[in-house]
Amino acid sequence: MVKGMNMKTLKFYTIVLSLAVASCTKDKTDYEAEIDTVVTEYDEFKEAVAIRSEGYDVSIEALNGAFYKGYNEIRLKITNSQTNEKADASAVTFLPIKTDAEGSKFSCPHLYDLVSRPDDSYFSGYSVFTDESSTNGSWELYISFTIAGRTYAVKQNVSVQEQANKNLNMTTFTGKDDEQYFIALVSPQRPKVGENELVAGIYKFNKPINPPSGDFPDLSQFSYTEVSGYTLQLDPRMPEPSMGNHSSPNNKDLTQQGDGLYHGLVNYTMTGNWTLNFIMLNQKGQILKGTVVPDDFTPGVEGVKSELHIDILF
Amino acid sequence: MKKLCITFFVLVLGMNAHAQHTHEQSDSTKRLEEVKITAIAKRKIETELKMAVSVDEFLASSDNISFIKRGAYAWEPLLNNMSTERSTITIDGMHIFGACTDKMDPVTSYVESNNLSAIDITSGQAGSLHGATVAGSIDLKRKSTPFGLEKNWSGAYQTGFEFNNNQFFNLGNLSYSSDRFVADGSMALRKAGNYYDGNNDEVNHSQYNKFNTSLGLAYKTSPLSSVRVDAIYDRAKDVGFPALPMDLWLSRAIITSASYKQLFEDGMWRVWDTKLYFNAVEHYMDDTKRPENLVHMDMPGWSTTYGLVSRANLKRGDYSAEIQLNAYDNLSIAEMTMYPQDRSNKTMFAYSWPWVTTRFAGLSVNNSWDFSAVSRLNFGGSLGWNYNYSKYVEFNRIFHPGTPREKSRLLPGLHASYQLNVHQFDFSVGTGYGHRAPSVSEGYGYYIYNSFDRYDYIGNPDLKNEISYEANASAGFRNERMGIEAKVNYFHIQNYIVGRILSLGSPMNYQSVGVKGYTSLNHARLFNVALNANYDMLQHLHWKGTLTYARATDDKNGNLPFIRPLSYQTSLHFMYGKFGIQTSLNGDFAQENYSPEYGEDPTPAYMVWNISADYTFNFTNFKAVLQVGAENLFNEYYSTYADWGNIPRMGRNMFTSLKINF
């Protein structure tokens with residue numbers, strides 16, 4: 001009898017134990033999902049716009065098949081409409097133009113002379129759209145190319161969408177040298193906690209010396225270049241008041257690499273809102289924009305940002 | 001090495017009122033009983049003063065244990081003035097790791113005094129039987145009733161009330177023993193409110209609520225073998241930690257094991273005992289009851305351990321040995337989710353333990369050879385393999401770029417001691433050498449907030465092994481009426497792991513003032529000395545006293561933190577018929593060798609006087625003891641060197657308890 005009772009007790013306890021073992025009171029955070037849901041990732045080149053002109057098809061591919069405010073890498077393909085074969089084009093140029101509500105025309109940082117990539121059968125370039133398309137402004141692409149000695153010119157309205165990924169934000173500002181600059185984040189699209197290679201493009205608007213002349217577009221009015229030899233000093237911080245101006249160690253300032261872009265290292269210690277505080281120095285090490293942010297720990301106070309900064313989120 | 005034996009209580013019978021069975025080193029293995037090779041003292045889990053003590057209070061009565069206290073609950077035991085990373089704390093040899101990054105749940109908080117039979121404390125490398133250690137080992141022995149007792153059923157019930165913090169407790173345990181089957185069960189409930197300090201001020205957030213139950217079932221599979229399954233379930237809820245900026249909402253532990261024991265009648269193999277175990281701990285902090293908190297933060301932690309411990313005892317003539325294989329796999333996870341003040345903003349998330357796996361496998365041997373009638377040589381060693389794997393190593397790489405995800409370490413240990421007993425005198429000298437691996441926090445911790453020095457701590461996966469060189473000695477004299485013993489030990493620890501201020505990085509927890517990284521000091525030195533004496537003044541009047549002193553310095557002769565100043569405990573015990581009266585005095589001298597670098601300030605001396613009286617009576621088959629007493633009788637306002645945030649200790653506490661055995 002005693003044994004029977006004890007066997008029952010044993011059974012009871014086994015059940016209780018297995019229940020207790022199987023169930024945690026609170027679920028663990030799904031970390032992969034935590035860092036996954038926030039960002040829209042652009043990982044595949046798809047056709048964003050197709051133009052047919054005089055027997056040739058021009059196809060421009062961008063990540064996700066759309067143009068977004070900020071940095072857009074583009075791939076341009078030209079095929080013969082009849083044969084559907086790759087056309088032997090050269091001197092491919094690319095110019096984005098924005099027309100605002102008043103009819104004024106602007107451009108944005110872009111690569112005018114696209115680079116031929118014969119192995120991949122496309123022409124490569126980029127465009128840093130400074131605004132999304134809206135009632136206040138629309139974007140048009142001016143493209144020209146030469147095939148068999150003849151130059152073709154096409155233009156096409158495109159739609160520039162709002163940047164859905166805060167990690168690809170951009171900023172526009174005037175430096176102390178009175179030049180207009182653009183900084184656009186290129187990578188990482190999907191930051192992770194820990195070390196991230198931070199890539200940004202820094203561009204400058206080449207102020208036209210003469211008023212517009214000749215046929216539109218007059219290239220001298222819409223000239224942008226990648227600046228070279230600059231340094232972008234980096235100080236990442238969490239602006240959230242409760243984080244008290246929290247920062248991270250072992251970051252590396254951005255310097256220009258062979259691809260023309262600026263590469264550095266940023267460490268994110270946790271997920272959440274981060275501000276990338278920058279100070280931009282020219283070749284001579286002079287500050288063109290940006291202020292040193294305080295590094296003291298100030299709980300309860302929203303972090304002071306550099307006058308040159310980009311907010312990201314992940 | 002000499003076992004600084006504080007095997008407090010070896011009786012398997014626990015608190016039951018059976019005729020006291022002494023069966024240490026029983027040569028007859030006909031009956032399956034606990035066989036103890038190194039068993040010295042016998043004591044119940046109660047102190048001289050108080051019969052209903054918590055595990056913490058009981059440990060505190062040992063002379064090489066001190067405590068870091070963050071409140072009234074879950075004290076962190078320091079062995080030889082070294083924190084829990086440096087000692088192995090096990091339950092019947094099973095490794096368990098707390099799930100709280102802030103050490104709010106030492107292993108000792110997951111057991112209860114009524115499911116333990118003894119606590120084995122072994123100092124230094126002699127404690128390496130359960131795994132690599134520096135300070136020694138604390139093994140909590142669970143109750144296990146022997147087979148075939150004359151009385152089938154036995155049990156005890158204990159209840160009591162403590163007036164200072166309105167603690168009400170009920171502890172019960174029941175055992176059944178037959179020739180082939182044994183069962184042990186226990187249940188305990190403790191609930192306490194805030195306590196009041198010596199100025200009669202309430203210490204907010206010092207309440208606790210604990211429930212603990214255990215069950216053990218053993219079946220004799222043959223005259224010489226048995227199987228046993230054990231389980232402990234512990235739940236603490238709404239536990240305040242006045243010294244921390246957060247409390248405990250809930251912690252639960254389930255501790256299970258299944259073991260097989262085989263005795264041998266002939267030959268040098270005596271016992272072989274193998275156990276498989278599993279335990280899981282979950283720990284959820286709660287900062288919502290602290291209005292001063294700017295940020296709401298979730299800080300859950302989980303720790304899951306699987307393991308194997310297999311032990312064999314050998315004896316031939318004057319030589320005996322203990323061989324133990326330890327293997328375990330632990331996964332420690334701790335998260336921080338911070339909520340922004342504007343709750344519409346995104347929460348912020350980081351791991352404070354980024355899914356850190358620790359695997360350990362080690363073989364330990366302890367030998368003892370009685371090579372003459374008066375002298376004994378103890379020697380042994382252990383060799384362990386320690387492996388760490390950090391699943392989300394990106395967190396660790398922020399401060400330690402490029403650090404590997406995995407790390408293996410070899411942990412050797414050696415020890416030897418010589419004991420001499422001449423007439424009423426005994427002497428011993430010993431030495432030891434051993435490595436330990438960094439703990440999960442020291443190696444892989446990430447922004448773990450330490451409210452003592454108010455720094456966020458960052459682990460370093462590339463830390464070197466801590467290497468301990470140790471020497472110890474003791475001398476004692478004993479006769480029928482008195483005994484006196486002096487013990488000293490000295491540790492020279494290479495690559496001593498401490499937190500040092502980092503110039504890089506900024507705090508994450510809003511209370512903190514900076515970031516500290518775990519680094520290795522070139523070396524540190526620790527010296528402990530203890531003097532124990534007892535004297536029976538009359539047949540029923542006994543006196544006991546203990547004096548301890550410790551000194552510890554780093555490689556620049558600066559002080560290390562949490563080192564106990566000169567301290568004393570003295571007690572008188574008088575019995576008259578069924579009455580007993582005890583009084584004790586304990587205190588610390590002023591802490592002069594404090595360490596401002598590690599957040600310490602000087603702590604003044606204090607002295608606490610306690611008194612209690614008890615009455616034993618029988619009715620029918622029951623034996624009952626009624627006790628009343630007072631701790632800190634003069635309501636002294638004090639805090640000790642190891643009280644976090646200098647939170648004051650409990651003021652005068654009247655207590656009553658009743659214990660019934662059958």
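User: How much area is buried between chain B and chain A, and what share of that area do carbon and sulfur atoms give?

Analyst: Buried area is what two parts lose in accessible area on being put together, summed over both. In this predicted model, the area buried between chain B and chain A is about 4,100 Å², and carbon and sulfur atoms give 68% of that area. On the side of chain B, the residues that lose the most area to chain A are B:Lys346, B:Phe349 and B:Ile398, together 16% of what that side buries.

User: How many residues does each chain bring to the contact, and what classes are found on the side of chain B?

Analyst: Chain B contributes 52 residues and chain A contributes 44 residues. By class, the side of chain B that touches chain A holds 36 nonpolar, ten polar and six charged residues.

User: How many salt bridges and how many residue pairs in polar contact are found between chain B and chain A?

Analyst: The general idea is that side chains of opposite charge can pair when their charged atoms come close. Between chain B and chain A the count is zero salt bridges, whereas seven residue pairs are in polar contact, both residues being at pLDDT 80 or more. Several elements of chain B each supply at least two residues of the side that touches chain A, among them strand S18 (319-339), strand S19 (348-369) and helix H2 (394-399).

User: Over all chains, what is the count of salt bridges, and which residue forms one with B:Asp247?

Analyst: The count over all chains is 32 salt bridges. B:Arg290 pairs with B:Asp247, the closest N and O atoms being 2.5 Å apart. This pair links distant parts of the chain, 43 residues apart: B:Arg290 lies in the loop between S15 and strand S16 (296-298) of chain B, and B:Asp247 lies in strand S14 of chain B.

User: Are B:Arg290 and B:Asp247 buried or exposed?

Analyst: Both B:Arg290 and B:Asp247 are buried, the cut-off for that term being under 20% relative accessible area. A further case is the salt bridge of B:Glu597 with B:Arg500, at 3.4 Å from N to O. B:Glu597 lies in the loop between strand S30 (579-588) and strand S31 (606-619) of chain B and B:Arg500 in strand S26 (residues 482-501) of chain B, so the pair ties together parts 97 residues apart in sequence. B:Glu597 is partly exposed, with a relative accessible area of 45%, and B:Arg500 is partly exposed, at 25%.

User: Which residues do salt bridges that share partners join into one network?

Analyst: The network consists of B:Asp92, B:Arg142, B:Asp184, B:Arg228 and B:Asp230.

How values were computed
Residues are numbered from 1 along each chain as its sequence is written. Chains are lettered from A and ligands numbered from 1 in the order in which they are written. This is a predicted model: local features need pLDDT of at least 70, side-chain atom pairs count only at pLDDT 80 or more; totals for chains, interfaces and linings use all residues. Side-chain values use heavy atoms; hydrogens and water are left out. Contact means heavy atoms within 4.5 Å. Buried area is the accessible area (1.4 Å probe) that two parts lose on being put together, summed over both. A salt bridge is a side-chain nitrogen of Lys or Arg within 4 Å of a carboxyl oxygen of Asp or Glu. A polar contact is a pair of N or O atoms within 3.5 Å; within protein, one must be able to donate a hydrogen and the other to accept it, and residues adjacent in sequence count only if both atoms are side-chain atoms. Helices (H or I, at least four residues) and strands (E, at least two) are DSSP runs, numbered from the N terminus. Ala, Val, Leu, Ile, Met, Phe, Trp, Tyr, Cys and Pro count as nonpolar, Asp, Glu, Lys and Arg as charged, and the others, Gly among them, as polar. Buried means under 20% relative accessible area, exposed over 50%, partly exposed in between (1.4 Å probe, protein chains only).
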